[in-house]
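Hi everyone, thanks for coming. Please have the sequence and the 3D view open while I talk, and stop me whenever you like.

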Amino acid sequence: MLIPAVVFAQKNELPSIRYNKNQLVYKADSLGNKIPDYSYCGYRLSETKIPQVPVKVVVEYRSSDATQDIQNAINYVAGLPLNPDGFRGAVLLKDGVYSLAGRLKITASGIVLRGSGEKTILKAAGVNRETLIRVLGTKDFRTKHSTAILNSYVPVNSYELKVDNGNDFHAGESVFIRRPSTKAWIDKLRMNDFGGETGWLGWKPGQRDIVWEREIAQVKGNTIILNAPLTASMEEKYGSGKITSVTWPGRISNIGIENLTLESEYDNSNPKDENHCWFAITMENCKDAWVRQVQFRHFAGSAVAIYESGSRITVEDCISTEPISEIAGQRRNTFFTMGQQTLFLRCYAENGVHDFATGFCAAGPNAFVQCESVNASSFSGAIDSWATGVLFDIVTADGQALSFKNRGQDGQGAGWTAANSMFWQCSAGRIECYAPPTAQNYAYGAWSQFAGTGIWHEENSHIKPRSLFFAQLAARTGKNMSAFQNEILPFEGESTSSPTIEQARELTAKSFVSPLQLTDLIRSATQKNPISLSTQNAVSISDVKINTENLKPIVTPVSIDNGWLVQGENILKGFRLDVPWWRGNPRPFAAEKARPAITRYVPGRVGKGYTDDLQQVVDQMVERNSVAIHHNYGLWYDRRRDDHERVKRFDSESWAPFYEQPFSRSGQGEAWDKLSKYDLTKYNPFYWNRLKEFADLAEEKGKILIHQNYFQHNILEAGAHWTDSPWRPANNINDTGFPEPPPYAGDKRIYVAEQFYDITHPIRRELHRMYIRQCLDNFKGHSNVIQSLSAEYTGPLHFVEFWLDVISEWEQETGNNVLVALSTTKDVQDAILADNVRSKLVDIIDIRYWAYRANGTVYAPEGGKNLAPRQHARKIKPGKRSFDSVYRGVSEYRTKFPDKVVIHSEGHYTDYGWAIFMAGGSLPVLPQKTNKEFLKAAIYMHPFSTGDSKLVGLQNENEGMILFASQKQSISVDLKKYSGKYEVRYLKPLNGELLSEKEEVDGGKELELKLPASEKIIIWIKKK
């Protein structure tokens, strides 16, 4: 059948493709753009079959937790040498339902994880959301040299690039080709905003660069020839591209997962349960890998998700059914790729959301071939910004859409989702094929309702070749199409509308038998492409000697010593990190700039700006001189509410990153964000387990978690703060008794603090009591967790009293003691400290919502006035701080309450570390290299007055003295009460390091010391 190259009135200007005499014939436009060759996808570019890798180790079924057995087997194979073909060997799992309380990682090349068939079931157990199997190399690529691309125009499907000096490159070299996203290009696409107040979602220069990975096939002079085509044009007026040679030593390859079933446990009573495993398989920093003959059940996120560092990966003959989650954004993207040159072949999905999807700036080509989506809740296609070279080939979306279009602000400002992409012989309830400026999209042989300005050919027709992917692959590899006839469902050709009697009889007979379904074809793969279960020369993991020694570090507890917060003999010092509690973007350009957030969740992603790797967070704290993290729960769960609208959402397409709330969703009803309502009596395991895990890791390194139990921001100021709050009656099943609809002042502001802090309301009182106890239960046995009432707390005295009473009740019942910080307005703080009973519960006085001004007056707004800290600051000017004013505040409380820790957190506290330290305050920001012996000596000292505002000090008559002098050339030091000999040393406040000057002095008299610096200097007089 000949496909005409006729498209509206522009028939001579647009790219096209036709099939003539069993050959694909491409027509370029006037600029040389062609329909891309999408066949450069899959394991080793689909040029070779997936190999049968010999088994090296066998894992027998065990009824108890099998995580360690399987991970040990993977590690065993990882320790074997690589064969010349790039493989080490396979792990074979015998039949059985393996329960995995933990999760698995493949981090070395050449490993295959193989089951014995669909009855080999790996079941992710428990409430752990982590991915069941992570294929994870290291992101350590190194660029060598980079040069501009000199072509004034690089057409779509081009293999050739001109550079200034071809001698800089050589055949076989790996390169990145970067297509920039400039302002001129964004303007052309009109992606700056999406109407109304959406500029914050608009595309920004540099945020949507396309980066292709290729190998250099040949260098001819100054022309570089690539091994695979580019899937988008590059035009000089929109910014010249760059080509960069690269090495990637930590990237892994030749990985396989095959011949088994992956499942997740879940709460059978809640069909929207999300407290279980979300992703079955994720792949990052890997190349030339596969997943085949795998079935997936009950996951919340993806069956297989390939991220931007994944390339040349095949996912074939896979079935995903019965996902368990909310029907919402970032869930059930069943077969998903952000990578390039990935192939999804013969995959079937039921009850997903975006079952077959490309993600953010997927460079392409990427191909979905002979795939089927049944009963999905949303469309398949390109779901995020500017994926290029996407092929949907014989893909069916039963009752749903296939889509390449401009999504506008949907999908967090996805805008144009696809360029130079093709729907080939696809069927769907609706096919949306729109063409963006500067590119094209195509639909050939589409069966659907139609929408879009793209290029349409032969709609409602069966076209030849049946599969574009395999026709292109056949042409590229020099094979006949018949070599691939078993790769797709058989098609006998169109039926005539005027059959003969014999034809009608024959067709009638056939109508009694259901046609072969895709699931039948997938399941037949075990016979057509059987996977070897031979264990010849393999060992059993039970016979392999594994080093099971797991030495946990001996942890010195955090404690209070002489009014200092210490770990052993170390005064804890450094910066304190505040977690982000709104805003965020899960795309790579934003993630790399994000701050740590312990309970932030980006489904399927781990690392900076995503779901933080908590060990990395702690290590970074050590590296960057950070001592603590202030944690409070997020202002709202979903990034859509960052627009500060108070409206009920149109749909449940929630945007990540999610700032998880302390409470679990109930699976019942519909909250204002269109997900199910919260149950305030059930606590979110992800949220609390993440905090506990961080506390565990942080304690080993002497780092602190300051746990703010509440976040007052929800109940004051902008009405949107309350809109999605779990405590709002519209969002929970617990009858919290607040007015509904909310009494937004001026239809904009919220003032429910007084009601929130009202402990006479019986339901709310008990919910508060249960929640406070959860805050305590979660960290039982942790010495490094400081419990603080609330971030931004300017509330009333009675709620602080209630909070302390619940803590007292819990401590008496459990026999455990916790570190309690009093962080309130000054009037409330002083009232509690004057309370003989409740003051005993307070370990730490946190000066946060008041301070002395530099002019000697006090900035001290009153508590319980229903104003937020910044609202108070607009009414009462906070004024400026100084070394003296900060010192005064800390030293007053440190002197009055010598056994309590005092910290100063108000304003720019990081500028006044030495003032805080010299006043006896804890957690001061001091230079990272401050002398350790000097800090150790300070533990035994108390602040004292020298009578000179330019000279402040710490002392202990048995140990010595530390003085901080400002603008002095010499000082007098009274050592009359000190006996013995002393050494005088000096430190620079700027770096905390000792100067070379030193002298010996005798106690029992007054000294005159000439100082080595007149601006600022620290004098340490230590006993010899």
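**Rings, charges and cores**

Let's start with a charge and a ring: the charged end of arginine 605 sits over the ring of tyrosine 307, 4.0 Å from its centre. Please keep in mind that this is a predicted model.

Now for rings paired with rings. How many aromatic pairs does the structure hold? There are 58 aromatic pairs. Take tryptophan 278 and tyrosine 601, which pair edge-to-face, with 5.1 Å centre to centre and 85° between the planes. Tryptophan 278 is in the loop between strand E18 (252-264) and strand E19 (281-284), while tyrosine 601 belongs to strand E41 (residues 600-601), so this pair ties together parts that are 323 residues apart in sequence.

Tryptophan 278 has 0% relative accessibility, so it counts as buried. Tyrosine 601 is buried too, at 4%.

Here is another edge-to-face pair: phenylalanine 756 and tyrosine 757, 5.7 Å centre to centre and with 80° between the planes. Both phenylalanine 756 and tyrosine 757 are buried.

In soluble globular proteins, nonpolar side chains tend to be buried together. Here, the largest nonpolar core has 149 residues, and those with the most contacts inside it are Ile177, Trp386, Phe694 and Phe917. Apart from that core lies another, of 69 residues, including Ile74, Leu132, Ile255 and Ala418.

How values were computed:
Residues numbered from 1 in each chain as written. Predicted model: local features only at pLDDT ≥ 70, side-chain atom pairs only at ≥ 80, totals over all residues. Heavy atoms only, no water. Core = buried A, V, L, I, M, F, W, Y, C linked by side-chain atoms within 4.5 Å. Buried < 20%, exposed > 50% of the residue type's maximum accessible area, 1.4 Å probe, protein only. Phe/Tyr/Trp six-rings, centres within 6.5 Å; stacked < 30°, edge-to-face > 60°. Helix = DSSP H or I, 4+ residues; strand = E, 2+ residues; numbered from the N terminus. Lys NZ or Arg CZ within 6 Å of the ring centre and 35° of its normal.
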